[in-house]
Amino acid sequence: MTKKAIDDTNFSLFDDLSVEPIDSQDLEKTKERMRALEKDLERWNYEYYVLDAPSVPDSEYDKAFQELSDLEKKYPQLKSAASPTERVGGAARSDLAKVKHAVPMLSIHTETDFEAEGARAFDDRVRKGLGLSESDPEVEYDVELKFDGLAMNLRYEKGVLVSAATRGDGLVGEDVTANVKTIRTVPLQLPADVPEVLEVRGEVIMHKADFERLNDEQKMEGHKPFVNPRNAAAGCLRQLDPKVTAKRKLSFYAYGLGEVSAPLALTHSGTLDCLQKWGFPVASQRRVVKGWKALAEFHDWVKSIRQTLPFEIDGVVYKVNSLAEQNELGFISREPRWACAHKYPPEEALTVVEDIDVQVGRTGKLTPVARLKPVFVGGVTVSNATLHNEDFIAELGLKIGDTVVVRRAGDVIPEVVRVLPERRTGAEKDFVMPDHCPVCGSETFRDEEEKDTRCTGGLFCPAQRRESLVHFASRLALNIDGLGEKVIDQLLEAGLIQTPADLYRITEEKLLTLERFGKKSAANLVEAIEKSKETTLARFIYALGIRHVGESTARDLAQHFRSLNVLMSADAEALLKVNDVGEVIAQSIIHFFEEPHNRHVIENLVDLGVHWPTPEASAVNDLVSGKTFVLTGTLPSMGREEAKALLLAQGAKVASSVSKKTDYVVAGAEAGSKLEKAQALGVAVIDEAKMLEMLKGAQ
């Protein structure tokens, strides 16, 4: 991920800042956008650097970082002192000792133009910074690989490795000395002629072969595989036990210096030569070249050999070779003017869609999956790619048998990005989403709101079985005490249950055949299942797991129809008369009850003794019905759940946050921000006594 140096901006390093006149309202919107971008970037930094668990691909991060950088350049008066563009990485982890860098570990500018113009733009800025004219000689550069690993600072004193620290936030990193000492390519002792203080900077990476071996071991041991080599290297390096790191083969490649008590050479390439002579690995794919055309040629050459490299890279790096010229160019904000990274676009490859299968998820969503002719892309062999839904396939214009371009988005997720219709032979076939579930045979329906196709056999479909059972037994549904996910997994694995109705056929004798079940625990579970037979219509409707039908809607349906049979036969016109039931919910209910498999399970449940009293028709309390309440603080005589139940029973809505649409805020002791917001918005604030008075219908 490119954020390992947070080195992804695209502003010109030498342009003068200017402030454009802007409307005050637009200025406020721009400010809000900048704060939102800062918040997202800081969160992604934390996920990436500290947790080693990025939640967004590089492209998403780069896009947000670029947008923020552009806005800061255009409106410098709005730039925050704590902007992520002023940082170089994430915060150091609290469980590892912190190390303050003697010389900050700065990031470098990234050229986002993947073609030759990216090289030319950098050379133009350098020449401008050095005051060179068109007639002056070309600038000499050292050109290297841009590793995809973890930046590291190795500190040697009198030739002995004394500490190793990650980049961290550029000023303070994490002490990983014990782990780095297990990396065999890191010298622990240097020759006598090295400077008394020498900080060597480089990248800790994991080679592709070692990454594949590690993931094979992870899978064999039942552990989650690592996402990519960079993620694996970071995870191994941050192990608190060096013995674990030692078993996972890491490599180090040097590319520069931190603090040094005596200069090593007059050029950057000369510095790398010295480091190589002293035993530090330096990538052999480096050159000394002159001019932007040579930069572009190196970029193209490395791209052509990228797949053959033993490690992952995501671009190349250009550095002004003369250290004197580097000093003359200096730095701007968070990065040197004399260096930049020139990245490659996400890797793509051509292959053929041999077939399209349909997978059914645990919530009933049908997802088409492209079965590809295996192709090596992004460092791995790809044979499958998600196609999301029918709309996605239609937008691509994809047919079975098409030649397509496959890309690994963010170097992780394979995706079909475009179709090459000019390569069609006439044998290609259209894809049609099945009208029956490929797993259980139930009818499918199109959810127009979410643009998905779904299986209607929620109570019957094996693909949805576990989710259906967990929901059915949950606290707000049939509330079967002791029937949690682990027990349901046991019962499924043993073949004792398939649908919710099977729960009521379980006996103590059957449970005693399972591990961790004794006579008492078996008796308790059977008793809890038996107790759950006595429920309410609202709970039963909710327990069925009908899509879009939550606790509140289930209560409204029960109160309105007062009979399960009436509800099951209701048409769209009848359903739309229920509070908060719109077209989407109405169609979801109709599809669910039209499926014979679901009706059969419901009949079994009733035959096995699940029952409920007929809901009483209640007079409408205009003081409460249809009004929105928010509960906050500690009420004198009841908990919030009890108060919520009372309000819902009389047709009120209970929200979790205060807005202009809130009618009443019921405030108890120690009410906090919700009370303050209600007062600011002018929302009526009442206490528990007033709420109970309103529930009684008193004026």
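Predicted model: local features only at pLDDT ≥ 70, side-chain atom pairs only at ≥ 80, totals over all residues.
Two notes before we start. Local features need pLDDT of at least 70 and side-chain atom pairs pLDDT 80 or more, while totals for chains, interfaces and linings use all residues. Residues are numbered from 1 along each chain as its sequence is written, and side-chain values use heavy atoms, with hydrogens and water left out.

Start with the cores. A nonpolar core here is a set of buried Ala, Val, Leu, Ile, Met, Phe, Trp, Tyr and Cys residues joined through side-chain atoms within 4.5 Å. Buried means under 20% relative accessible area, exposed over 50%, partly exposed in between, with a 1.4 Å probe and protein chains only. The largest core has 53 residues. Ile480, Leu503, Leu557 and Leu575 have the most contacts inside it. Among the elements giving it two or more residues are helix 17, helix 18, helix 20 and helix 21. Helices are DSSP runs of H or I, at least four residues, and strands are runs of E, at least two, numbered from the N terminus. Apart from this core lies another, of 35 residues, including Leu161 and Phe280.

What does isoleucine 480 contact, beyond its neighbours within four places in sequence? Ala473, Leu503, Tyr504, Leu525, Ala528, Ile529 and Ser532. Contact means heavy atoms within 4.5 Å.

Now helix 20, residues 583-594. Its buried residues include Ile585, Ile589, Phe592 and Phe593. Helix 17, helix 18, helix 19 and helix 21 are among what covers its buried residues.

Next, aromatics. Rings of Phe, Tyr and Trp (its six-membered ring) pair if their centres lie within 6.5 Å; planes under 30 degrees apart are stacked, over 60 edge-to-face, the rest tilted. The structure holds 12 such pairs. Phenylalanine 298 and tryptophan 301 are tilted, 5.9 Å centre to centre, with 45° between the planes. Both lie in helix 9, three residues apart. Phenylalanine 298 is buried because its relative accessibility is 4%. Tryptophan 301, at 32%, is partly exposed.

A cavity is a set of points, on a 1 Å grid over the protein atoms alone, where a 1.4 Å probe fits but cannot get out; lining residues have an atom within 4 Å of a point. There are four cavities of 30 Å³ or more. Glu144, Tyr255 and Arg286 are among its lining residues. Strand 3 gives the most to that lining, with three residues.

How values were computed
Expected span 1.5 Å × (residues − 1). 1 Å grid on protein atoms, 1.4 Å probe; cavity = no way out; pocket = protein on both sides within 12 Å on 5 of 7 lines; lining within 4 Å. Points joined across faces, edges and corners; volume = space filled by probe spheres on them.
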